[in-house]
Amino acid sequence: MEQDKIAIEVIKNIAIDSSRVLAERQRAIDALTLFREAALPALKDIEKKVDVNILKERARLYIQRIKEGAVLSMNA
């Protein structure tokens, strides 16, 4: 599980990094959904720290869906 924690932290840092392109940051947020409930703290952190509303909204939506127990797929 330590590897999962490291992966979540790395992906979160990509999403927060304002020097990266928007699409890359969006994909990073999407990738966090693979970790389900374990990603909730990272998604909450992203929601607080990012400066782009679309990224805030994306993180907020995933937080809500994970809490509701929805099945998330990056293929959608």
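Predicted model: local features only at pLDDT ≥ 70, side-chain atom pairs only at ≥ 80, totals over all residues.

Student: How are α3 and α4 oriented to each other, roughly parallel or roughly antiparallel?

Tutor: The axes of α3 and α4 lie 8 Å apart, and the two helices pack at an angle of about 150 degrees. Angles over 145 degrees count as roughly antiparallel. The orientation of α3 to α4 is therefore roughly antiparallel.

Student: Which residues of α4 make the contact with α3?

Tutor: The crossing of α3 and α4 is left-handed. On the α3 side, the contact is made by Leu40, Leu43, Lys44, Ile46, Glu47 and Lys48. On the α4 side, the residues are Lys56, Ala59, Arg60, Tyr62, Ile63, Ile66 and Lys67.

Student: Which parts does the salt bridge of Arg60 and Glu47 tie together, and how far apart are they in sequence?

Tutor: The side chains of Arg60 and Glu47 meet in a salt bridge, with an N to O distance of 2.7 Å. Arg60 lies in helix α4 (residues 53-68) and Glu47 in helix α3, so the pair ties together parts whose separation in sequence is 13 residues.

Student: Are Arg60 and Glu47 buried, partly exposed or exposed?

Tutor: Buried means under 20% relative accessible area and exposed means over 50%, with partly exposed in between. Arg60 has a relative accessibility of 40%, so Arg60 falls in the class between the two limits. Glu47, with a relative accessible area of 21%, also counts as partly exposed.

Student: Where do Asp45 and Lys49 lie, and how many residues apart are they?

Tutor: Asp45 forms a salt bridge with Lys49, and the closest N and O atoms of the two are 3.4 Å apart. Both residues lie in helix α3 (residues 40-49), where about one turn of the helix separates them, a spacing of four residues.

Student: Which residues is Asp45 in contact with, leaving aside its neighbours within four places in sequence?

Tutor: Asp45 has a relative accessibility of 18%, and because buried means under 20%, Asp45 counts as buried. The C-alpha atoms of Asp45 and Leu32 are separated by 12 Å, with the two residues 13 apart along the chain. Once the neighbours within four places in sequence are left aside, the residues in contact with Asp45 are Lys12 and Ile16.

Student: How are α1 and α2 oriented to each other, roughly parallel or roughly antiparallel?

Tutor: The axes of helix α1 (residues 2-16) and α2 come within 8 Å and cross at roughly 150 degrees. In this crossing, which is left-handed, Ile8, Ile11, Ile14, Ala15 and Ile16 of α1 meet Glu24, Arg25, Ala28, Ile29, Ala31 and Leu32 of α2. By the angle, α1 and α2 are therefore roughly antiparallel.

Student: Against which helices do the buried residues of α2 pack?

Tutor: The buried residues of α2 are Arg25, Gln26, Ala28, Ile29, Asp30, Ala31 and Leu32. The helices that these buried residues pack against are α1, α3 and α4.

Student: What is the N to O distance in the salt bridge of Glu24 and Arg20?

Tutor: Glu24 counts as partly exposed at 29% relative accessibility, and Arg20 is partly exposed as well, with a relative accessible area of 32%. The side chains of Glu24 and Arg20 meet in a salt bridge, and the N to O distance is 2.6 Å.

How values were computed:
Residues numbered from 1 in each chain as written. Heavy atoms only, no water. Salt bridge = Lys/Arg side-chain N within 4 Å of Asp/Glu carboxyl O. Buried < 20%, exposed > 50% of the residue type's maximum accessible area, 1.4 Å probe, protein only. Axes fitted to C-alpha atoms, helices over the stretch in contact; angles between N-to-C directions. Parallel < 35°, antiparallel > 145°, perpendicular 65-115°, else oblique. Left-handed = near helix turned anticlockwise from the far one by under 90°. Contact = heavy atoms within 4.5 Å.
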